[in-house]
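Student: Could you walk me through reading a few features of a model, one at a time?
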Amino acid sequence: MQGKAVEKIMKYLFMFCALLSVVSILLIFYFIFIGGVKTNTGWKFDGGLPFFAEHGFIETLFGLKWQPNWKEPLYGILPFVLGSIYVTLGSIIVGVPIGILTAIFMAYFCPDPLYRVLKPAINLMAAIPSIVYGFFALQIFVPFFRGLSFLPKNNGMHIVTASILLGIMILPTVISLSEAAIRAVPKHYYDASMALGATHERSVMNVMLPAARSGIFSAVILGVGRAIGETMAVVLVAGNQPRLATSIFDGTRTLTTNVVLEMGYASGDHRHALIMTASVLFVFILMINSTFMWVKSKGASKK
């Protein structure tokens, strides 16, 4: 009897936690997209949707100039949207192949003495604050790129620097989750492949890795999510120039850094524009995650 009572309590506790997560998402959605502050004349909605309705969706989302403090302010955020896309794609190019190959090495090729050192080191990378990563890139990567004579003249703070930094920052997530996915594949897959005459390398790459594809894809999704939402490290090395980048060696500003740099002193429509920027970022992340999940489900249906 007592066991049934505990079971019922835990059931409702888990249900409450699940509902709390859903309610939290709905509240975030409301305050970012609708929002609202009480003024002397009533409620003023300051979320993303009211801002778009007042200033125009096309003019805002596809505008090239961000000049919120001018007499006739402009709130074009296309340079920030493209900046976020550029550095995210760059981080995927840098971090995902290295992360997956490292996970394969650790799961099937790494000697035990090296693994006992490498695994804690990767876990430690995940615990390092992002501002420390940014300071590291500021001291190492920025002077390095600034000193390369064969590159176009640049100050070292540009899309390439930010992409490499974010690629390094997503490595712990991609490596740890990919390794867990590879190790979760039943051992008899490998044994059957070896019994049929395949080599160790072929068994790992052609049997174990495809079988872990779903888990590896989830690791990539989480890594990309961190890259999109990263702020403090990018602030230090991306250049933070509110204009359209025409080269990978141009400085850029992402959606997240735009909010961080200006929210502290913004007011009025300027503040509402930054909330609108956050709503665009929210949609941007939802679109990317939905695309990844769709691709993942299509891959699973073909098995």
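Student: How far apart are the end C-alpha atoms of residues 157–177, and how much of the span is helix?
Tutor: The ends lie 31 Å apart, and the span is 86% helix and 0% strand. Helices here are DSSP runs of H or I with at least four residues, strands are E runs of at least two, and both are numbered from the N terminus. This is a predicted model: local features need pLDDT of at least 70, side-chain atom pairs count only at pLDDT 80 or more, and totals for chains, interfaces and linings use all residues. Residues are numbered from 1 along each chain as its sequence is written, and side-chain values use heavy atoms, leaving out hydrogens and water.

Student: At what angle do H4 and H7 pack?
Tutor: Axes are lines fitted to C-alpha atoms over the stretch in contact, and angles run from 0 to 180 degrees between N-to-C directions. Helix H4 (residues 78–108) and helix H7 (residues 159–169) pack at about 50°, with axes 7 Å apart. That makes H4 oblique to H7; under 35 degrees counts as roughly parallel, over 145 as roughly antiparallel, 65 to 115 as roughly perpendicular, and the rest as oblique.

Student: Which residues of H4 meet H7?
Tutor: Contact means heavy atoms within 4.5 Å. In H4 they are Tyr 86, Val 87, Gly 90, Ser 91, Val 94 and Gly 95, and their partners in H7 include Ile 159 and Ala 162.

Student: And how many aromatic pairs does the structure hold?
Tutor: In general, such a pair is described by the distance of the ring centres and the angle of the planes. Rings of Phe, Tyr and Trp (its six-membered ring) pair if their centres lie within 6.5 Å; planes under 30 degrees apart are stacked, over 60 edge-to-face, the rest tilted. This structure holds 11. For Phe 29 and Phe 282, the centres are 6.3 Å apart and the planes at 70°, so the pair is edge-to-face.
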